[in-house]
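User: Can you walk me through the fold of this one?
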Amino acid sequence: MKKIEAIIKPFKMDDVREALGEIGVTGMTVSEVKGFGRQKGHTELYRGAEYMVDFLPKVKLEIVVTKDNVERCVNTILETAQTGKIGDGKIFITDVERVIRIRTGEEDEEAI
């Protein structure tokens, strides 16, 4: 099993969720996060004063899938979330040793 973590622009969230649902993803965790990468933030003007916004709002998706579904999920996220502009985000893929569904006690692939 693998865990896919994707950091994307907030306005792309609904499109990505819908596209993942169409390929059979039945669950995910979504968090509103802030951060920066090469984009480094930007300056904004408020009441005539300029100030630096260091951390930009993003959305973090967390999905656990079988090894067979990783590439399909990653490609779906890439195709759906990409705008071609700086700040599109990143995808991280890590191994998952064990999953347990609390309600039923099911484990691993049966639990996802």
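User: What stands opposite A6?
Analyst: A6 has I91 in β6 opposite it, and β6 runs antiparallel to strand β1 (residues 2-8), to which seven bridges join it. Strands here are DSSP E runs of at least two residues and helices are H or I runs of at least four, numbered from the N terminus, and two strands pair if DSSP finds at least two bridges between them. This is a predicted model, in which local features need pLDDT of at least 70 and side-chain atom pairs pLDDT 80 or more, while totals for chains, interfaces and linings use all residues. Residues are numbered from 1 along each chain as its sequence is written, and side-chain values use heavy atoms, without hydrogens and water.

User: What's the strand order in the sheet?
Analyst: The open sheet has four strands in the order β2-β5-β1-β6, with antiparallel pairing.

User: Switching to helices, which strands does α1 lie across?
Analyst: Helix α1 (residues 13-22) lies across β1, β2 and β5 (56-65), at about 10° to β5, where angles run from 0 to 180 degrees between N-to-C directions and axes are lines fitted to C-alpha atoms, for helices over the stretch in contact. Helix α2 (residues 70-81) packs on the sheet and touches β1, β5 and β6, contact meaning heavy atoms within 4.5 Å.

User: And how do α1 and α2 cross?
Analyst: Their axes come within 9 Å and cross at roughly 145°. On the α1 side the contact is made by D15, V16, A19 and L20, and on the α2 side by C73, T76, I77, T80 and A81.
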